[in-house]
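This briefing is meant for a reader who is meeting the structure below for the first time. Please look through the sequence and the model before turning to the notes that follow.

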Amino acid sequence: MRNALKSCAFIPLLALGACGGEPASTLPPQPPMWIVSDADSEITLYPTIHILPNGMKWQSDELTRRLADAEEVWFEIMPGSETDPNLQATMMRLGMAPGSSLSSQLTAAEVTALREAIAPLGMPFEAVDAMRPWLASTLVSVGALVQKGFNPDAGVEKQLQPLVKDKKIRAFESAESQLKMLAAIPEAQQFQMLRDTLGEMDESIDMLNEMARDWSTGDVKDLEEELLSEMKSEMPIVYAAVFTARNENWANQIEIEMKGAGTDFMAVGAGHLVGEDGVPAILKARGYKVERLR
């Protein structure tokens, strides 16, 4: 099961049927966008991948135009907040388990896989062994992706930030709340995430490359199946925490924004904009006009 590694790229696209039928698009291949509108408001929902292969082409004239027109630009968290020293302290508080040992809960083969996975990171095994499973899983996943040519600086949010430096920036949640969400996942589910990450690393990376290509060309049909279906069926507690609860919260915030007037651009992880639990589907069910571009 490949959900843990995939979540690092997309957390952590759509049930198109939930958003109604869509006409064929005349736009060139590009990531999809959803437009939420009423008489005096228009919001562009743009799916992001947080870490991408170097050199992937995905920016488009339509994206540039919508960014230029936006009065406010929203991200999941405020840009730069992930480097706050206080956040690093929170991560250590929530992600370390002094006196416990991951290896005592893993098989010999899993311990060997963990040692091999962290070797390129240059971290002592003892430090990783004292982590809670969610933090170790995240560390191992990101390290594996970087080793295979993925780059956090190539991720969509990092690439968009210089383009919107003169805009008003807002965020749906704090970086600390994201850490607390991961830390609150039951320990058994955290260990399942770690085991899945260690057990299917190469296969997961191959799938991530395929999903990134599908995302960049707007091929959303396979993306929903690849990204959400397996997690929803095999790890429903994780799915509910990572997607369902946050999507409802973000939809509530968008409803408040729609009561005003103006044009906004909102860039959030692709997994939040797909499927029957995705933000576009939630807003459409609440009566808003939701259209898909591409």
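A hairpin of three residues joins β1 to β2, where strands (E, at least two residues) and helices (H or I, at least four) are DSSP runs numbered from the N terminus. The model is predicted, so that local features need pLDDT of at least 70 and side-chain atom pairs count only at pLDDT 80 or more, while totals for chains, interfaces and linings use all residues. Residues are numbered from 1 along each chain as its sequence is written, and side-chain values use heavy atoms, with hydrogens and water left out.

**The sheet**

- Six strands form an open sheet with mixed pairing, in the order β6-β4-β7-β2-β1-β8; two strands count as paired if DSSP finds at least two bridges between them.
- The edges of this sheet are β6 (168-171) and β8 (289-293), each of which pairs on one side only.
- Neighbouring strands are turned against each other by 25 degrees on average, with direction ignored; axes are lines fitted to C-alpha atoms, for helices over the stretch in contact, and angles run from 0 to 180 degrees between N-to-C directions.
- Helix α12 packs on the sheet and touches β1, β2 (41-48), β4 (72-75), β6 and β7 (262-269), and its direction makes about 150 degrees with that of β2.

- Leu293 has its place in strand β8 and is partly exposed, with a relative accessible area of 22%.
- The C-alpha atoms of Leu293 and Gln30 are separated by 9.6 Å, although the two residues are 263 residues apart along the chain.

**Helix packing**

- Two packed helices are described by the angle between their axes and the distance between the axes.
- Helices α3 and α8 pack at an angle of about 10 degrees, with their axes 10 Å apart, and are therefore roughly parallel to each other; angles under 35 degrees count as roughly parallel, over 145 as roughly antiparallel, 65 to 115 as roughly perpendicular and the rest as oblique.
- In this pair, Leu87, Thr90, Met91, Arg93 and Leu94 of α3 meet Ala175, Glu176, Leu179, Lys180 and Ala183 of α8, where contact means heavy atoms within 4.5 Å.
- The buried residues of α8 (residues 175-183) are Ala175, Gln178, Leu179, Met181, Leu182 and Ala183, and what covers them includes α3 (85-95), α6 (133-147), α9 (187-199) and α12 (236-258).
- Helix α11 (residues 220-234) and α12 pack at an angle of about 125 degrees, with their axes 5 Å apart, and are therefore oblique to each other.
- That contact is made by Leu228, Met231, Lys232, Ser233 and Glu234 of α11 together with Pro236, Val238, Tyr239 and Phe243 of α12.

**Nonpolar cores**

- The largest nonpolar core has 65 residues, and those with the most contacts inside it are Leu114, Leu160 and Phe265; such a core is a set of buried Ala, Val, Leu, Ile, Met, Phe, Trp, Tyr and Cys residues joined through side-chain atoms within 4.5 Å.
- Helix α10 (residues 201-216) gives the most to this core, with seven residues.
- Leaving aside neighbours within four places in sequence, Phe265 is in contact with residues including Thr44, Tyr46, Trp74 and Leu160.
- Apart from this core lies another of 18 residues, among them Trp34, Ile43, Trp250 and Met258.

Terms used
Buried < 20%, exposed > 50% of the residue type's maximum accessible area, 1.4 Å probe, protein only.
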